[in-house]
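Dear colleague,

Please find the structure below, together with its sequence. I would be grateful if you could look it over alongside the notes that follow.

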Amino acid sequence: VLDLMVHDLDLVLSWGGEVRSFEARGLCFAGRRVDAAWVRLHMSSGLEAELVASRVADRVERIIEIQESSGIITTLDLSMGQARRQGKLLDAVDGRDALAAQWGAFVEEVQGQKAQNQDQNLRNVLWAERIGEAIRRR
């Protein structure tokens, strides 16, 4: 949760307002550490987000799918830097790996080259820890 899901939490917490409630589960395949985690967040804005993070999956994917109440589906592929709406590639594509860009911004912050929103970063880590604790209690 802290190493993979925290990045998705950053996006959802920025989009959806406050977390009203959440459910979380995890699986351990090799020992006592959680190898795969699932969480569903219910946000004050009405957004519901389901996040999955796995360190043992067959392939690396960084996909966020958003379904609007109108039925329109937007898919963000964070590893390819692409967005599709109803399957059609959108023009505003920068082609960068979003996780690599986020990591680069973190390194710049640590080195004092760039100021980040520390309150937002702390919020993300606290939610990741809260989700991890909920998984461990199960």
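The findings are set out here by region.

This is a predicted model, in which local features need pLDDT of at least 70 and side-chain atom pairs count only at pLDDT 80 or more, while totals for chains, interfaces and linings use all residues. Residues are numbered from 1 along each chain as its sequence is written, and side-chain values use heavy atoms, with hydrogens and water left out.

Helix α1 covers residues 5-16; helices are DSSP runs (H or I, at least four residues) and strands likewise (E, at least two), numbered from the N terminus. Because 9 of its 12 residues are buried, α1 is largely enclosed by the rest of the structure. Buried means under 20% relative accessible area, exposed over 50%, and partly exposed in between (1.4 Å probe, protein chains only). Among the buried residues of α1 are M5, L9 and L13. Just after α1, G17 has a positive phi of about 85 degrees.

The count of aromatic pairs is 1. The ring centres of F22 and W127 are 5.4 Å apart and their planes stand at 85 degrees, so the pair is edge-to-face. Rings of Phe, Tyr and Trp (its six-membered ring) pair if their centres lie within 6.5 Å; planes under 30 degrees apart count as stacked, over 60 as edge-to-face and the rest as tilted. Since F22 lies in strand β1 and W127 in helix α3 (residues 118-137), the pair ties together parts 105 residues apart in sequence. W127 counts as buried, at 14% relative accessibility.

F29, by contrast, is exposed, with a relative accessible area of 55%, and sits in the loop between β1 (19-27) and β2 (36-43).

Kind regards

Note on methods
Expected span 1.5 Å × (residues − 1).
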